[in-house]
Amino acid sequence: MRKLYIIGIGAGNPEYVTVQAIKALNAVDVFFFMDKGEGKEDLLRLRREICERYIDQHSYRIVEVADPVRDPSILNYKARVEQWHQQRVLIYEEMIERELGEDQCGAFLVWGDPSLYDSTLRIIDRITAQAKISFDYEVIPGITSVQALAARHRIPLNGIGESVLITTGRHLSAGVSDIVEKIVVMLDGQCSFKNIAADDGQDIFWGAYLGMDNEILLSGKLTEMADLIEAARNQAQEKNGWIMDTYLLSKPYRSE
């Protein structure tokens, strides 16, 4: 039976790849890469670099397919993502059936970890539910940008006995509970931290391209850093053509 690995490759630094992931990489015959278009070539380059670095004396193929673009005419966010996911289901299903032999192993390399703000597992679940093609699959965890952010700023994510909320910029703008002491925000293209009240002395720990050569780290009082972070983010995105960033909002940080 065909087998798929869904491999978390970490937050951008090839050295974030785990030993378990390396073992899986060396078992793969066909890698499926989604091309996100002009300006995001680095995302493909990193995946190729990981394969070249860690695969030892094993022949493999790379199949690249253009990633569908979300339809901006669909105004409802969930409906827009749903339509995008269905497009991916058709593409993934066709790739697996066409490119992967019955006795071969394929893989999708997922930035960060497959369990956190990534659609690959949902797509694979839909394909298996449709039962048009048969395959087994295994998920290999990876180091997330959340872990990398905390490591690079040298801070714990939570205070003693405190909670941590991981959410998106969209939800941050809509409001979050006051009882949450620490908030990790991902997928925030609008710098939503500028829209929340920060009169209680909140700190922000922000990072972009975590673990990569062009990594950017900024931290301090939110009231003082918001404009600086927004400017740095815009400049980096214009220079590189893409950006992946994550940040932690916290009540005044204590080292205990």
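Let's begin where two helices meet: H3 and H4 pack at an angle of about 60 degrees, and their axes lie 9 Å apart. Keep in mind as you explore that this is a predicted model.

Which residues of H3 and H4 meet each other? From H3 come Glu82, His85, Gln86, Arg88, Val89, Tyr92 and Glu93. Their partners in H4 are Thr120, Arg122, Ile123, Ile124, Arg126, Ile127 and Gln130. Sorted by class, the contact of H3 with H4 has five nonpolar, four polar and five charged residues.

Now stay with H4, which covers residues 120–130. Look for Thr120, Ile123, Ile124 and Ile127, which are buried. Viewed down the axis of H4, the buried residues fall within an arc of 95 degrees, so they line one face of the helix. Turn to the other side of H4 and you will find Arg122 and Ala129, which are exposed.

What covers the buried residues of H4? The cover includes helix H3 (77–99), along with strands S1 (2–8), S4 (105–110) and S5 (135–140). So H3, the helix we started with, is one of the elements in this cover. Once you leave H4, the chain passes to Ala131, whose phi is positive, near 60 degrees.

Next, step back to the loop between S4 and H4, where Ser119 lies. Is Ser119 buried or exposed? Its relative accessibility is 7%, and because buried means under 20%, Ser119 counts as buried. Leaving aside residues up to four places away in sequence, Ser119 touches Trp84, His85 and Arg88. The loop between S4 and H4 also holds Tyr117. Tyr117 has a positive phi of about 50 degrees although it is not a glycine. With 36% relative accessibility, Tyr117 counts as partly exposed.

Another residue with a positive phi sits elsewhere in the chain. Leu187 is not a glycine, yet its phi is positive, about 55 degrees. You can find Leu187 in the loop between strand S7 (182–186) and strand S8 (203–208). Its relative accessible area is 54%, and Leu187 is exposed because the cut-off for that word is over 50%.

Helix H5, residues 145–153, gives you another set of buried residues to look for: Ser145, Val146, Ala148, Leu149, Ala150 and His153. Which strands are among those that cover the buried residues of H5? They include S7 and S8, together with strand S9 (216–221) and strand S10 (245–250). Just after H5 comes Arg154, which takes a positive phi of about 60 degrees.

Folding can also bring together parts of the chain that are separated in sequence. Take Leu44, which lies in helix H2 (residues 41–54). Leu44 and Leu109 are 65 residues apart in sequence, and their C-alpha atoms are 10.0 Å apart in space. Leu44 counts as buried, at 11% relative accessibility. Not counting residues up to four places away in sequence, Leu44 touches Phe33, Met34, Asp35 and Glu64.

For a second pair, go to Lys239 in helix H7 (residues 222–240). Lys239 and Gly39 are 200 residues apart along the chain, and 9.7 Å separates their C-alpha atoms. How does Lys239 count, buried or exposed? At 71% relative accessibility, Lys239 counts as exposed.

Let's finish with the cysteines. How many disulfides are there? A disulfide needs a pair of cysteine sulfur atoms within 2.5 Å, and by this rule the count comes to zero. Cys105 shows how this works out: the nearest cysteine sulfur, that of Cys51, is 12 Å away, and Cys105 is in no disulfide. Cys105 is buried, with a relative accessible area of 8%. Cys191 is buried as well, with a relative accessible area of 3%.

Key. Residues are numbered from 1 along each chain as its sequence is written. This is a predicted model: local features need pLDDT of at least 70, side-chain atom pairs count only at pLDDT 80 or more; totals for chains, interfaces and linings use all residues. Side-chain values use heavy atoms; hydrogens and water are left out. Buried means under 20% relative accessible area, exposed over 50%, partly exposed in between (1.4 Å probe, protein chains only). Helices (H or I, at least four residues) and strands (E, at least two) are DSSP runs, numbered from the N terminus. The arc is that of the directions from the helix axis to the C-beta atoms. Contact means heavy atoms within 4.5 Å. Axes are lines fitted to C-alpha atoms, for helices over the stretch in contact, and angles run from 0 to 180 degrees between N-to-C directions. Ala, Val, Leu, Ile, Met, Phe, Trp, Tyr, Cys and Pro count as nonpolar, Asp, Glu, Lys and Arg as charged, and the others, Gly among them, as polar.
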